[in-house]
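Colleague: Could you walk me through this model before I set anything up? I'd like to go over the fold first, then the overall dimensions.

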Amino acid sequence: MDNGATMHLAVSLCPGTTDASRGAEPEFDRLARFAQKAEAAGLDMVLLADAAPASGGDAANRQVPFEATTLLAALATVTSRIGLVAMASTVAHQPYNLARRFASLDIISHGRAGWHATMAQAPREAANFSRPGGFSRDDFRRRTEEYIGIVQGLWTGWDADALLFDKGGGRFHDPDRMHLLDHKGEFFSVRGPLNVARSPQDRPVLVLSGLSVSDMDIAARTADVILLEERPAEETKASRDDLKRRVAARGRDPDAVKVLMDVLPVTGGEPAGLADKLEEQFRSTSCDGFNILMPAELSAIDDFVDLVLPELRRRDLFRQGYRGATLRSHLGLGGGGDQ
Amino acid sequence: MTAASRQMKLGAFLWATGHHIAAWRHPQAHVTAGIDIDHYIQLARTAEAAKFDLLFCEDAAGLREADVGIASQTSRSIGFEPISLLSALAVQTSRIGLVSTASTSYNEPYGLARTFLSLDHLSGGRAGWNLVTSASQIEAANFGSTGLRPHADRYERAREFAEVVTGLWHGKLDGTSGSGHDGQSFSVRGPLDLPRSPQGAPVMVQAGASDVGRDLAARTADVVFTAAQTFEEAKAFYDDLKGRLAAYGRERDDIKIMPGVAPVVAETEAEAREKYEELQELIPDDVGVALLSSYLSIADLWRYPIDGPLPELPATEGMQSRQALVIEQSRRDNLSIRQLARHFAGARGHWRIVGTAAQVADELQARFEGGAADGFNVMPSYFPGELDAFATLVVPELQRRGLFRKDYEGHTLREHLGLRRPA
Ligand SMILES: Cc1cc2nc3c(=O)[nH]c(=O)nc-3n(C[C@H](O)[C@H](O)[C@H](O)COP(=O)(O)O)c2cc1C
């Protein structure tokens with residue numbers, strides 16, 4: 001558990017426009033070096049965006065030619081400590097499939113995976129998923145809430161000690177330590193269990209963004225990390241306090257949910273300038289840290305890691321290196337699996 | 001290609017701790033396979049060093065056994081989800097093809113097309129999709145409350161699904177007005193937000209064996225997997241499927257048919273037999289019978305005397321072809337439920353060969369040259385030992401005979417398989 005003195009830092013790889021002619025393999029190598037650089041610097045996690053599939057002429061013109069969960073799996077094999085979080089849409093995937101994909105990613109990465117879900121509906125997406133009309137705002141909220149409950153329920157369907165591997169006795173697992181979900185709800189009906197073992201970090205980390213005021217209770221009940229868009233410090237502080245109050249009201253430890261603020265790094269500025277800005281916002285908003293949005297360019301991560309981070313460390317605002325091996329442990333969340 | 005230079009294609013079919021139902025209990029089986037990514041990276045490298053065309057992952061979105069007690073005696077209840085597994089393997093290998101199964105019943109075509117295209121980019125053009133319609137009630141219960149849809153409905157959805165996926169991969173659904181798909185099950189505007197596949201489009205694989213399944217394969221597949229025990233069955237399937245291609249304007253060589261083969265190979269025949277018997281001894285009766293029940297799509301086989309014959313069975317909405325195969329074998333060889341259960345548990349209805357490398361190669365050669373196969377999907381009994389045995393004993397024997405490549409001819413899966421690049 002951290003004492004609030006140091007911040008948590010995530011970097012977000014944002015798709016932007018670039019020429020698609022660069023070819024796939026160098027593209028992955030470049031992303032791998034980006035993640036490795038962030039890892040060498042001891043950052044908590046890399047967030048992999050998954051842009052809403054666009055309809056229109058510019059659709060193929062993305063920076064990253066990979067879908068985020070497949071990219072996460074590949075990056076997991078070329079890193080060993082940093083957390084890896086992929087955005088995945090509740091419209092594009094059935095909850096069983098999504099829960100299973102992330103449970104598997106968590107085992108591939110030895111407990112470093114997270115799912116970034118957004119409460120905001122991407123209207124363009126619906127047109128490619130047989131939902132031309134999309135969902136009403138209210139339906140979408142209730143559906144997302146139900147969806148998240150299913151995913152988190154499936155993630156805990158197998159007890160950590162369920163696998164016996166007892167060759168002689170012929171008992172592979174203990175059937176009493178495997179639990180059906182038996183969910184029957186308004187939008188989904190899911191029996192379970194997953195056919196993937198329990199996560200090495202108890203369960204994948206849930207990151208939520210795109211919250212409107214009416215989503216705060218859902219977030220307070222389910223999220224491990226909440227991302228807030230960059231806004232004036234007083235507004236952020238108010239949202240953060242409101243969220244932590246709601247977390248406590250749900251009987252959860254307020255420290256079990258980390259509130260991170262999105263930040264666009266000012267490029268070309270003085271490194272001390274960004275460090276000042278982060279310090280100032282960290283203190284004035286009482287947030288738990290930042291999600292630095294950057295283009296998937298090595299120069300962007302290089303600048304941040306080589307120039308800004310030493311400054312934050314000099315001021316004791318960011319920890320030196322990793323203490324544990326799982327994403328939960330980096331974030332100071334409970335149930336990290338390697339205490 | 002001339003008959004003399006035609007070479008067989010080989011798939012390495014990965015499955016939990018091994019294809020034998022009791023594999024995980026074998027002293028040399030890697031029992032923690034389902035939670036050990038390094039184990040899979042090692043298997044992939046072994047198969048790639050042996051120049052296999054592809055790795056193949058089967059899939060089901062749910063448990064395999066309805067009975068939790070039975071499930072707990074097998075290693076098949078937990079494992080990696082295959083698309084994440086193959087994405088990890090994509091950047092840890094450089095040549096071998098990567099084929100994952102995914103269901104048309106529980107996915108949407110846009111998402112699936114996008115995910116496989118991403119795997120294709122990660123691997124530099126080595127991805128393939130095995131289209132299945134998912135015949136299990138257990139899976140159905142994870143996706144709604146209405147149960148398994150009828151066979152014909154599943155295949156109608158699959159046909160439309162495949163059409164949308166290939167339309168997206170080939171850039172036909174490009175988001176321009178009027179180009180979108182608006183069908184019975186799906187409405188998709190397109191385009192995909194990823195660049196075109198390095199191999200034109202990921203490879204399409206299918207393993208349907210019913211009449212409608214074969215038609216879908218003839219229409220859409222580049223590769224077909226099948227289960228066939230005898231030469232005659234394999235040949236009949238091969239001729240039937242190749243014969244359906246002309247109706248879709250395709251040529252016989254446009255589809256590679258790769259039946260499953262479950263070899264148990266050792267330096268001597270006696271050792272191979274011993275290895276096989278050792279595995280068979282490890283199958284608990286209740287597990288064998290449960291597995292047989294699932295192939296027959298009936299729930300209560302355990303009610304019948306285990307040393308008696310199979311009861312009369314009603315028609316099934318599940319896997320029609322697999323049921324027919326089991327019934328035929330039981331009649332032909334006059335087998336009891338126990339005998340059938342052991343037999344099918346061992347190789348899961350696929351073709352079993354027990355012997356030396358030369359004996360295994362003889363049999364593969366006979367089917368390959370006899371016009372019953374373009375290659376084989378190799379199903380090692382347990383991992384890693386039996387994949388190693390095939391790679392070090394059988395592959396060199398096939399290479400000596402000129403029946404299998406000594407090095408990859410190209411870089412993409414289409415190139416390995418000798419498939420045309422789609423326009
Ligand atoms: C080698 C092989 C692999 C298969 N893999 C899967 C699989 O991973 N998941 C699945 O649901 N069905 C799988 N099947 C079943 C087939 O997709 C198909 O449903 C079955 O052969 C019955 O044919 P039908 O669907 O035309 O009745 C496989 C079949 C074969 C021969």
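Colleague: Let's begin with one pair: which residue is the bridge partner of A:V11 in β12(A)?

Modeller: Bear in mind that this is a predicted model. Strand β1 (residues 8-14) of chain A runs parallel to strand β12 (residues 289-295) of chain A, and seven bridges join them. Within β12(A), the partner of A:V11 is A:I292.

Colleague: And which strands of chain A does helix α9 touch?

Modeller: Helix α9 covers residues 298-314 of chain A and packs on the sheet. Its direction makes about 155° with that of β12(A). The strands it touches are β1 and β12 of chain A.

Colleague: Zooming out, in what order do the eight strands close into a barrel?

Modeller: We're in chain A here, and the pairing is parallel. Neighbouring strands of this sheet are turned by 25° against each other on average, ignoring direction. The order is β1-β2-β3-β4-β9-β10-β11-β12.

Colleague: Over to chain B: what radius of gyration does it have?

Modeller: Chain B has 15 helices and eleven strands. For its 423 residues the globule rule gives 22 Å, and the chain comes out close to that, so it is as compact as a globular protein of that length. Its radius of gyration is 21 Å.

Methods:
Residues are numbered from 1 along each chain as its sequence is written. Chains are lettered from A and ligands numbered from 1 in the order in which they are written. This is a predicted model: local features need pLDDT of at least 70, side-chain atom pairs count only at pLDDT 80 or more; totals for chains, interfaces and linings use all residues. Side-chain values use heavy atoms; hydrogens and water are left out. Two strands pair if DSSP finds at least two bridges between them. Helices (H or I, at least four residues) and strands (E, at least two) are DSSP runs, numbered from the N terminus. Axes are lines fitted to C-alpha atoms, for helices over the stretch in contact, and angles run from 0 to 180 degrees between N-to-C directions. Contact means heavy atoms within 4.5 Å. The radius of gyration is taken over C-alpha atoms; the globule rule is 2.2 Å times the number of residues to the power 0.38.
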